[in-house]
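Please keep the sequence and the 3D view at hand while reading.

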Amino acid sequence: MSADAFSAFEEVGLDNEEKVQEVGRRFRQTVLAMGGGTPPSEVYEAFRGRQPKPDALLRHSGLAKEGECAATH
């Protein structure tokens, strides 16, 4: 889940400070603020707008290339 969460920042462009700050605020308002009082799947979905996918983990591990979809949805 951490690789998929980080991919939210990558998707807006790590060099785009304004967008990175927006994603950071959304992360703070969901993952950090909701904490353990809400089921993790609900917290994550509130942050990403979807359930986690393994694609970013596979890409960061070198097991998939950029643009490849590792899982069928």
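Predicted model: local features only at pLDDT ≥ 70, side-chain atom pairs only at ≥ 80, totals over all residues.

**Nonpolar core**

- The largest nonpolar core consists of 6 residues, namely A5, A8, F9, V23, Y44 and F47.
- At least two residues of this core come from each of the helices α1 (2-12) and α3 (40-48), and the largest share, 3 residues, is supplied by α1.
- In soluble globular proteins, nonpolar side chains tend to be buried together.

**D4 in helix α1**

- D4, which is placed in helix α1, counts as buried because its relative accessibility is 4%, and the cut-off for buried is under 20%.
- Not counting residues up to four places away in sequence, D4 touches Y44, R48, R50, Q51, P52, K53 and A56.
- For one of these residues, K53, the backbone nitrogen lies 3.4 Å from a polar atom of the D4 side chain.

**K53 in the loop between α3 and α4**

- K53 lies in the loop that runs between α3 and α4 (55-60).
- With a relative accessibility of 30%, K53 counts as partly exposed, because that class covers values between the buried limit of 20% and the exposed limit of 50%.
- Although K53 and M1 are 52 residues apart along the chain, their C-alpha atoms are separated by 7.6 Å.

**M34 in helix α2**

- M34 is placed in helix α2, which covers residues 17-34, and its relative accessible area of 30% makes M34 partly exposed.
- When residues up to four places away in sequence are not counted, M34 touches Q29, V43 and A46.
- Between M34 and K53 there is a sequence separation of 19 residues, while their C-alpha atoms are 21 Å apart in space.

Definitions and conventions:
Residues numbered from 1 in each chain as written. Heavy atoms only, no water. Core = buried A, V, L, I, M, F, W, Y, C linked by side-chain atoms within 4.5 Å. Buried < 20%, exposed > 50% of the residue type's maximum accessible area, 1.4 Å probe, protein only. Helix = DSSP H or I, 4+ residues; strand = E, 2+ residues; numbered from the N terminus. Polar contact = N/O pair within 3.5 Å; in protein donor to acceptor, adjacent residues only side chain to side chain. Contact = heavy atoms within 4.5 Å.
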